[in-house]
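Trainee: I have a structure open and want to learn how to read it. Can we go through it feature by feature?

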Amino acid sequence: MRIGFIGAGNMAGAIVRGGIASGRLRAEDILLVSGPDPSAQALAADTGARVAGSSADLVADSDVVVLAVKPQVVPTVLAEIHGAVAQWNPLVISVAAGLSTFRLESLLPAGTRVVRTMPNIAAMVGQAMTALAPGASATREDLATASTLMGSVGATTELDESLFSTFTAISGSSPAFVLTFIEALARAGVLGGIPKAQAVEIVTQVVAGSAAILQAEAAADGTHRTPADLIDTICSPAGTTVAGVMAMERAGFSDAIVRGAEAAATRDRELGA
Ligand SMILES: NC(=O)C1=CN([C@@H]2O[C@H](COP(=O)(O)OP(=O)(O)OC[C@H]3O[C@@H](n4cnc5c(N)ncnc54)[C@H](OP(=O)(O)O)[C@@H]3O)[C@@H](O)[C@H]2O)C=CC1
Ligand SMILES: O=C(O)[C@@H]1CCC=N1
């Protein structure tokens, strides 16, 4: 299957690099095109993918076209490829925040098969979480194709499109929230005298270990302990952890996270308006 990426920036780069590294995508099947800066050339040089002469040329040579430009640029790109899509009828997969399948379809020839997805940057290490929703003309096979593509860089889940803004907040954007937490906790380590690089290494292992516990719980038969259950196993009575958790909650830790996610979801809806 030939896959063309319109946009060769952070997200396309993460999918292309992660997919090739996992052995699930072949560089020779990947075509790239970008905007005024030579990001497609750079990604091609790095991965062995090829660069198309234009977005319309890319469509003519692709079974699947991935829209990986900023949401604000999508209408321009779809105007550029409208004729080629009418002629070649590729499956169009969007990774753009905010833009509904209805909106994308309205900018494409009638009957274009569209699948909306929301991956995250962890695609670059094969650990993305991607939601998928089919447009009006997409078939089960199209959804399976999109799922296979995104499955090459991590886990996938079908999700009702009405939930995409919330999903974008808690998955598409949230690696930045988690990294903000890591940066802050590492800074606390520095405050206590641990060198920054060592503090980041320590906190990264803690976050990976904590996630691994939850994944093991989810995979286990029987009762699955929730994050709240597990917090209780770490909080010794009158111990260090409960003192820390209480101080964090007094400072509004959980509230700050929910507010951050709500703001991201609101922005996703604004981008689609
Ligand atoms: N970054 C992330 O973590 C995530 C991003 N997304 C979504 O992915 C999409 C891309 O984001 P991201 O990769 O971060 O953005 P980047 O700015 O890193 O990349 C955008 C790419 O679009 C290219 N581009 C700009 N104008 C055109 C054009 N007219 N024709 C073709 N290509 C063009 C740019 O090329 P040039 O360099 O030449 O300007 C660049 O390669 C967005 O819609 C975003 O919502 C979704 C999930 C996570
Ligand atoms: O910040 C953004 O708009 C994009 C969508 C999800 C992650 N990055």
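Predicted model: local features only at pLDDT ≥ 70, side-chain atom pairs only at ≥ 80, totals over all residues.

Trainee: Start with the overall layout. Into which domains is the protein chain divided?

Mentor: Look for the bounds, then for the spacing. Here domain 1 covers 3-162 and domain 2 covers 174-272. Their centres, taken over C-alpha atoms, are separated by 32 Å.

Trainee: How many residues of domain 1 are in contact with domain 2?

Mentor: Count each side on its own. Domain 1 brings 9 residues, and these contact 5 residues of domain 2. On the domain 1 side, the classes are 5 nonpolar, 3 polar and 1 charged.

Trainee: What does UniProt list for residues 161-271?

Mentor: An unreviewed entry gives "domain: Pyrroline-5-carboxylate reductase dimerisation" for that span. In the model, residues 161-271 are 80% helix and 0% strand, with the end C-alpha atoms 15 Å apart. UniProt also has "domain: Pyrroline-5-carboxylate reductase catalytic N-terminal" for residues 2-98, again from an unreviewed entry. Residues 2-98 are 43% helix and 19% strand, and the end C-alpha atoms lie 26 Å apart.

Trainee: Do one pair with me. In which sense do β5 and β6 pair, parallel or antiparallel?

Mentor: Check the direction, then the bridges. Strand β5 (residues 91-94) runs parallel to β6 (residues 114-118), over 3 bridges. For I93, the bridge partner in β6 is V115.

Trainee: Next, ligand 1. Which residues come nearest?

Mentor: Start with the close ones, then ask where the shell comes from. Of 29 residues around ligand 1, the nearest are G7, G9, G35, S39 and A96. Helices α1 (10-21) and α4 (74-88) each supply at least two shell residues. The largest share, 3 residues, is from α1. By class, the shell holds 17 nonpolar, 10 polar and 2 charged residues.

Trainee: Why is V73 called partly exposed?

Mentor: Count the neighbours. V73 is partly exposed because 14 other C-beta atoms lie within 10 Å.

Definitions and conventions. Residues numbered from 1 in each chain as written. Chains lettered and ligands numbered in written order. Near = placed C-beta within 6 Å. Helix = DSSP H or I, 4+ residues; strand = E, 2+ residues; numbered from the N terminus. Nonpolar A, V, L, I, M, F, W, Y, C, P; charged D, E, K, R; others polar. Buried ≥ 20, exposed ≤ 12 C-beta atoms within 10 Å, placed from the backbone. Domains from an automatic or database assignment. Contact = placed C-beta atoms within 7 Å. UniProt positions renumbered as here; feature names shortened; annotations may be inferred. Pairing = 2+ DSSP bridges.
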